[in-house]
Amino acid sequence: RPAAACAHRRLTDMGRRAAALEAVRRDGQRLQHLAAAFQRDRDIVLAAVRQHGCSLRHAAFDFRRDRSVVLEVVRQDGRALRYAEGALGRNRKLVFAAVLQAGSALEFAADDL
């Protein structure tokens with residue numbers, strides 16, 4: 001019986017993840033309403049920010065400081081640079097990509113750049 005309960009729980013969790021993934025594919029801003037576990041799920045976060053770049057602000061901290069994720073986001077929506085964490089605001093490649101996409105992103109670059 002316990003094995004059956006675990007299997008049911010896994011299926012339920014998979015269904016919730018699939019529903020969350022579909023929701024952010026339609027509207028990336030929905031990431032803000034999802035459970036923290038989904039905000040830490042790479043596939044869900046990438047789907048959300050690909051649909052709406054500024055959804056990065058609702059992603060788990062690790063994604064906001066992940067150079068490859070932030071680079072992908074700012075190439076699509078330069079203004080999302082404001083949600084990058086740590087030293088990413090000093091990263092010339094990131095800032096250049098962000099400003100190329102949206103000139104106003106320059107205001108989110110580090111002052112010493």
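A residue counts as buried when its relative accessible area is under 20%, as exposed when it is over 50%, and as partly exposed in between. With that in mind, Glu22, at 34% relative accessibility, counts as partly exposed. The structure discussed here is a predicted model, and its protein chain holds six helices and zero strands.

**Overall picture**
- Of the 113 residues of the protein chain, 39% count as buried, and the chain exposes about 6900 Å², of which carbon and sulfur atoms supply 50%.
- Among contacts with a separation of 6 or more, 39% come from residues 24 or more positions apart in the protein chain.

**Helix α3**
- Helix α3 spans residues 42-51, and its buried residues include Ile44, Val45, Leu46 and Val49.

**Salt bridges**
- Side chains of opposite charge can pair when their charged atoms come close, and a search of the whole structure finds nine salt bridges.
- Glu22 pairs with Arg26, with the closest N and O atoms 3.1 Å apart; both residues lie in helix α1, four residues apart, which is about one turn of the helix.
- Glu72 and Arg50 meet in a salt bridge at 2.4 Å, N to O; because Glu72 lies in helix α5 and Arg50 in helix α3, the pair ties together parts that are 22 residues apart in sequence.
- Arg90 forms a salt bridge with Asp112, at 3.3 Å between the closest N and O atoms, and it links the loop between α5 and α6 to the segment after α6.

Conventions: Residues are numbered from 1 along each chain as its sequence is written. This is a predicted model: local features need pLDDT of at least 70, side-chain atom pairs count only at pLDDT 80 or more; totals for chains, interfaces and linings use all residues. Side-chain values use heavy atoms; hydrogens and water are left out. Helices (H or I, at least four residues) and strands (E, at least two) are DSSP runs, numbered from the N terminus. Buried means under 20% relative accessible area, exposed over 50%, partly exposed in between (1.4 Å probe, protein chains only). Contact means heavy atoms within 4.5 Å. Accessible areas come from the Shrake-Rupley method with a 1.4 Å probe; for residues, only the protein chains shown count as cover. A salt bridge is a side-chain nitrogen of Lys or Arg within 4 Å of a carboxyl oxygen of Asp or Glu.
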